Amino acid sequence: MARSDGGNGKRGTEPKGSALYEVLKGIDFEKRELLHKAKGVGLFDLVKERDGRYRCYACTLCERSCPVDCIEIDFCPEFEELPFDVDLERAAAKALQPEIDMKLFDDVIARIREGSGLIEAFHTTQETYGYLPRQALEEIAGEMRLPFSRVFGVASFYSQFRLTPVGKFVIDVCMGTACHVAGAPLVVEAIAQELEVPVGETTADGLFTLQTVNCVGACALAPVVRVGADDTYGRVGPNEARKLVRKLRKLEVPS
Amino acid sequence: MSPRTSGNGKDARKASAATAAGKRLGRIEQALKKAADKSAYIAGDDKAEIRICAGTACHASGRVALREALEKDLAARGLSDKIAVVETGCHGFCEEGPILVVRPEGLFYPRLKPKDIAEIVETSVVGDGVVERLLYKHPQTGEALAHERDIPFYSLQQRIVLSLNGKIDPYSIDDYLAHGGYTGLARVLAQDDPEAVIDEVERSGLRGRGGAGFPTGKKWRFCRANPGDVHYVICNADEGDPGAFMDRSVLEGNPHAVIEGMVIAAFAIGRGVGPVSGYVYVRHEYPFAVERLRNALVQARERGLLGEDILGSGFDFDIRINQGAGAFVCGESTALTLSIEGHRGMPRGKHIRTVAHGLRGEPTNLNNVESYANVPWIVLNGAGALAAKGTATSKGTKIFSLTGKVVNGGLVEVPMGATLRHVIFDIGGGMLPGREFKAVQLGGPSGGCLPAESLDTEIDFESLTAAGAMMGSGGMVVVDDTTCMVDFAKFFLKFTAEESCGKCVPCRVGTTRMLEILERITAGEGTTADIERLERLADDVIEGSLCQLGGSAPNPVLTTLRYFRDEVMEHVVNRRCPARVCRPLIRYTIDKDACTGCHVCFGACPTAAISGERKQAHIIDQKLCIKCDTCRQVCKFDAIPVETGVLAVAEGRQQ
């Protein structure tokens with residue numbers, strides 16, 4: 001659990017002159033204030049729920065966000081158990097996703113060992129599977145010796161990483177300024193209607209995933225629709241967009 | 001020791017220092033000469049070659065098929081050995097892609113199809129004529145222009161950073177070396193005086209091209225002065241602004257210029273201080289830029305221009321590529337460094353600057369792609385040459401990506417101080433036929449919209465900020481009377497609200513609340529109190545946000561309220577959308593006199609809201625109409641006018 005007071009009233013047990021002693025002697029633990037600071041400067045405390053449990057889940061965001069590194073998250077033997085069953089939740093989340101071929105994952109592990117960062121590891125994983133399977137994220141966490149919460153937190157922060165499987169055709173509609181001015185919202189809507197799924201989701205038959213991207217940088221061709229990694233269509237109106245989807249569908253399901 | 005001998009000693013020391021410097025210069029010049037591969041093909045303006053633009057826009061409009069057709073055709077004629085085909089970086093004239101240029105004449109062929117190739121090769125490569133029908137036509141006079149140099153879009157620009165774009169093959173380091181590449185670096189390494197480099201850059205008046213406009217030389221000096229185990233030099237190529245693609249084009253067209261700029265920066269910051277390490281943080285959405293940069297880094301390492309002991313000078317520096325993952329906020333310096341470390345890209349307070357405490361807590365120098373690409377030019381041509389261009393406070397040139405409803409969209413590099421009118425009307429060729437200029441949006445989601453009255457504003461950092469917009473990274477989107485300014489402001493706010501990292505409340509909650517108010521206004525449910533609320537909230541968001549994403553997020557709304565208040569009031573008071581965009585305020589009708597009953601709209605309507613017999617005027621069922629604009633776009637007779645006013649709202653509500 002998070003501690004902001006450097007170990008509840010342990011002052012006196014630290015050897016004089018040590019770095020921690022210097023920090024602790026500046027804190028009045030009874031009044032929960034920092035000594036020799038302007039009035040009103042206090043210490044952070046953790047909020048408790050009515051039943052006495054801490055609300056903090058130790059997600060470590062505050063620790064990382066602190067501009068002066070004054071928060072440290074440490075293991076605390078008082079709270080041995082997490083407020084939820086990790087194994088159960090993990091198993092439930094894993095069951096929601098299809099099995100993945102772990103042989104393909106060796107490449108990601110190899111790259112991590114070469115010293116690639118977390119985000120690079122995600123990119124390689126997504127190139128391999130088309131999305132970031134939960135199992136892969138757990139493997140990455142294990143390999144890099146990071147808490148799963150941290151790995152998942154980073155994966156969910158960046159809009160380019162997908163946490164659910166994608167369809168055969170990933171349709172990206174550019175929503176940059178030039179495309180917006182040229183009528184991209186109408187295009188997205190037309191495709192969403194044609195596919196009968198909202199933006200960000202995959203059709204039930206697993207053929208199409210509809211996404212929006214912020215700018216593909218082909219502004220002269222606005223509005224732009226990209227299918228897969230490289231098939232770019234320029235100057236697409238709602239009517240052309242519907243036709244495009246029908247054409248792609250026909251390729252797959254000859255009716 | 002007598003004064004005389006001591007004098008001699010000094011002279012001797014000076015002389016030996018001079019010879020040492022001379023030796024060093026000679027050694028580095030030799031190393032640079034050796035770096036070039038003499039057998040490689042060098043692209044040149046006076047050679048018989050065909051250049052195909054391989055920028056993203058031309059790629060999307062079909063350059064691969066064009067190249068294949070060209071190579072096939074040349075092979076069939078047995079010309080493959082005589083005529084070189086060079087795939088260059090972005091020429092900048094993206095509106096006209098795919099582009100092909102025939103050298104040495106410099107014939108410019110836009111918007112080509114593979115079937116046009118045979119005719120071009122026959123006439124312009126084998127013969128010495130021009131294919132009149134394929135030439136670029138002057139947007140006003142309609143006159144066919146054969147040569148690149150005659151086209152106003154090119155001839156009115158002053159290209160420094162883009163000077164080699166479209167001339168060299170970005171995959172060939174020899175092209176860059178043959179065009180004077182890395183000579184600036186060699187000069188810097190030979191002189192071996194990092195402070196002098198910083199002085200030079202500072203004197204040139206170069207300011208950060210990423211948007212904020214911080215003096216580059218000053219930043220280097222601060223970074224050098226800060227102690228650390230290692231100094232980091234990072235290139236910010238996370239061009240997140242929608243509608244901006246300058247950095248992408250520079251990286252795609254001339255990656256070595258950026259690398260050279262970074263090595264010079266690293267030398268200026270780290271020489272004699274400690275080790276330096278480099279990163280390029282580039283968007284994952286730019287696959288070509290990443291690929292070409294990666295290739296350029298490998299080449300530079302092979303030729304001894306990067307890595308250990310660069311050009312035998314004893315200076316070490318290497319660059320790694322780090323790819324982003326679609327987070328706009330990662331363009332912010334502190335978020336960017338966190339993202340490289342593998343964290344969520346959430347900015348921190350700026351009371352500790354990145355130059356002191358950046359990547360992994362070490363002093364970090366972060367510049368934009370365009371800033372680095374300016375550096376080799378400054379070293380070669382001197383600070384005075386750059387300082388001679390531009391205005392009193394902003395020096396040099398700036399690249400803008402001109403897009404939207406202009407005739408000639410693309411990359412425009414002009415000196416600071418050029419007017420918006422010059423860029424949009426002279427270079428950009430003005431508005432599309434029959435359309436009227438309404439506003440120009442500068443600086444992406446952090447900038448603002450300027451009206452026609454501001455067209456004579458001279459572009460520099462200060463004047464744009466004073467007008468309520470900002471330089472930003474250089475996106476310039478021109479809109480006409482079919483764009484609703486309230487809807488446009490809503491678009492930007494929606495973008496920033498989605499991209500807010502969520503760390504601080506004013507930005508996370510404030511932008512969302514502002515978005516809700518704008519949604520009310522565009523739905524015809526706004527009140528005048530909403531406008532006041534919007535202005536007050538905007539001030540709070542600007543004041544309270546931790547980083548510049550929130551600090552500039554309300555700018556599009558504020559400029560809209562400042563310059564287009566009438567249009568906003570029209571939404572609020574009269575429930576009308578003058579541009580006929582906001583759906584709850586408009587309805588589609590059919591002009592009975594103009595409609596010929598051709599049945600095209602009937603077939604195109606996705607909800608079967610249009611009925612009517614062939615050759616008789618059709619009717620739109622307002623209850624079924626989803627206002628998707630399809631019918632209006634397919635109608636060849638302009639028979640589907642859009643109405644706006646109280647009536648439309650009343651009917652819309654009933655639905």
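Domain bounds, as used here, come from an automatic or database domain assignment. On that basis, chain B divides into domain 1 (49-155), domain 2 (173-387), domain 3 (397-483), domain 4 (486-573) and domain 5 (583-654). The C-alpha centres of domain 1 of chain B and domain 4 of chain B are 46 Å apart. The structure is a predicted model, in which local features need pLDDT of at least 70 and side-chain atom pairs count only at pLDDT 80 or more, whereas totals for chains, interfaces and linings use all residues. Residues are numbered from 1 along each chain as its sequence is written, and chains are lettered from A and ligands numbered from 1 in the order in which they are written.

Chain B contains 26 helices and 19 strands, where helices (H or I, at least four residues) and strands (E, at least two) are DSSP runs numbered from the N terminus. With a radius of gyration, taken over C-alpha atoms, of 28 Å, chain B is close to the 26 Å that the globule rule gives for 655 residues, and it is therefore as compact as a globular protein of that length; the rule is 2.2 Å times the number of residues to the power 0.38. The C-alpha trace of chain B spans about 110 × 65 × 40 Å along its principal axes. Of the 655 residues of chain B, 54% count as buried, that is, 20 or more other C-beta atoms, placed from the backbone, lie within 10 Å of the residue's own. Among contacts in chain B with a separation of 6 or more, 73% join residues 24 or more positions apart, a contact being two residues whose C-beta atoms, placed from the backbone, lie within 7 Å.

In chain B, an open sheet of four strands shows mixed pairing and the order 2-1-3-4, two strands being paired if DSSP finds at least two bridges between them. Its edge strands, each pairing on one side only, are strand 2 (84-88) and strand 4 (107-109) of chain B. Strand 3 (residues 100-102) of chain B pairs with strand 4 of chain B in the antiparallel sense over three bridges, and Val101(B) has Phe108(B), in strand 4 of chain B, as its bridge partner.

The contact between the chains takes 42 residues from chain A and 53 residues from chain B. On the side of chain A that touches chain B, helix 5 of chain A gives the most, with five residues.

Key: A residue is buried if 20 or more other C-beta atoms lie within 10 Å of its own, exposed if 12 or fewer, and partly exposed in between; C-beta atoms are placed from the backbone.
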